[in-house]
Amino acid sequence: MSDLDEQEKLVLDAVARFLERHVRPVASKLEHDDAYPHEIVARMKEMGLFGAIIPQEFGGLGLRPSTYARIIELISEEWMSVSGILNSHLIMARIVDKMGTPAQRARFLPQFATGELRGGLALTEPDCGTDLQAIRTMARRDGDYYIINGTKTWISNGIEGSCFALLVKTDLTATPRHHGMAMFIAEKGPGFTVSRKLEKLGYKGIDSAELVFTDYRIPADRLIGGVEGKGLACAIAGLELGRVNVAARGVGVAKRALDEAVRYSQQRKTFGKFIHEHQAIALKLADMAVRVEAARLLTEKAAHALDRSDRSDYEAGMAKLFATEAAVENSLEAMRIHGGYGYSKEFVVERLYRDAPLLVIGEGSNEIQRLVIAKRLIEKNPI
Ligand SMILES: Cc1cc2nc3c(=O)[nH]c(=O)nc-3n(C[C@H](O)[C@H](O)[C@H](O)COP(=O)(O)OP(=O)(O)OC[C@H]3O[C@@H](n4cnc5c(N)ncnc54)[C@H](O)[C@@H]3O)c2cc1C
């Protein structure tokens, strides 16, 4: 924690206490019941976490992305779903902060910072996720309004949230395709409905929903940045933070899997020995620990690049790729080390094993991260 200032240390200490007292005791029950953690959210509001990276002039905590990444790592060690409630909201806030007009920043950032107005990011559609420029949700100008029609799916906070950074097309025929894209700050209202809650393998507790827009009228001043054609740039501005956040989640899940395995291997005996004394288990523990440390270093490097507002797709791609694969591998290894108990709902490793795979899919799948890394590698090393 050497690079942190006093305020950042205080925030991280407060988060650690909050997790120990208010999240750890209830996480398993809420997760297995797929119940939204209302009390946890209320406490996060009180702590100002919904404004973690929002500038202080707008009522936020003004934390650096690298400090925010540490918060996400701590939360994900306890219960990854809680990090999603926060992060989808803060991606929306970051887009408004980086790409919004002064009036949009002044109007929305203070409400986002208190958590009174909460929500997330609405990009994905039933027919496309990775290929964002193929979206079909359409916004048509009508005087001082736009009329929006289309469907978004898999939207985190879709039920409990009330405001979303909504990616749309304004021109289906534009070339290149992103010139016909725009993003709106869309609050729920007539024409904007939740059609269904989506059931999932893991990442329970947080609501994932399908959102339907039917002649939804939105004032033109909700167009982020005030001009059409910036939709993809808005999405990219948000996903920069999202990638570092997902990497930090990976570190948290991988670390918890390691901790559980280290503890259990000193409790369980087979053939007259604690299982960590069997070399086959010791080797697994060592590999798991290396993964956690390497994932954390890559994530810190990417987060510090964001702190400096440097271009960070190469670093963030590596961090996201490595840390999320580490989470998948460590959660499986932790399950093996726990033997039959690892398959039991009474042990946390079962939840880690169900949560981890989401990380390789979201915020740009790991296949895409590899392509981004390779492309940048060639750009950086021309011959
Ligand atoms: C629990 C959960 C929460 C989510 N939350 C949100 C949210 O809040 N907001 C939101 O907008 N979306 C959200 N998503 C959607 C998520 O971002 C998408 O699922 C993701 O972007 C992948 O898109 P897709 O599912 O359409 O897969 P596809 O794009 O159809 O990809 C299918 C497969 O093909 C691979 N692939 C695709 N294109 C290429 C290529 N060019 N080269 C190599 N491989 C390729 C992909 O890596 C993947 O393996 C969420 C998803 C889940 C499961």
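I take contact to mean heavy atoms within 4.5 Å, and I keep in mind throughout that this is a predicted model.

With that cut-off I looked up phenylalanine 112, and, leaving aside its neighbours within four places in sequence, I found it in contact with Phe50, Ile54, His89, Met92, Ala93, Val96, Leu117, Cys163 and Ile185. I then turned to the nonpolar cores: the largest has 92 residues, and Phe112 is listed with Met44, Leu90 and Met183 as having the most contacts inside it. Helix H7, residues 231–264, gives this core its largest share, 16 residues. I also noted a second, separate core of 19 residues, which includes Ala139, Ile148, Ala186 and Leu223.

Next I followed the strands. Strand S5, residues 181–187, is mostly covered, with six of its seven residues buried. Strand S4, residues 163–169, runs antiparallel to S5 and is joined to it by seven bridges; in one pairing I checked, cysteine 163 has glutamate 187 in S5 as its bridge partner.

My last entry concerns lysine 169, which I placed in strand S4. Is lysine 169 buried or exposed? I find that lysine 169 is buried and yet has no salt bridge, since a salt bridge requires a side-chain nitrogen of Lys or Arg within 4 Å of a carboxyl oxygen of Asp or Glu, whereas the nearest side chain of opposite charge, aspartate 131, is 7.8 Å away from lysine 169. Not counting residues up to four places away in sequence, I list the residues that lysine 169 touches as Gln133, Ala134, Ile135, Thr137, Met138, Ala139, Arg177, Gly180 and Met181.

Notes:
Residues are numbered from 1 along each chain as its sequence is written. This is a predicted model: local features need pLDDT of at least 70, side-chain atom pairs count only at pLDDT 80 or more; totals for chains, interfaces and linings use all residues. Side-chain values use heavy atoms; hydrogens and water are left out. A nonpolar core is a set of buried Ala, Val, Leu, Ile, Met, Phe, Trp, Tyr and Cys residues joined through side-chain atoms within 4.5 Å. Buried means under 20% relative accessible area, exposed over 50%, partly exposed in between (1.4 Å probe, protein chains only). Helices (H or I, at least four residues) and strands (E, at least two) are DSSP runs, numbered from the N terminus. Two strands pair if DSSP finds at least two bridges between them. Lys and Arg count as positive and Asp and Glu as negative; His and the chain ends are not counted.
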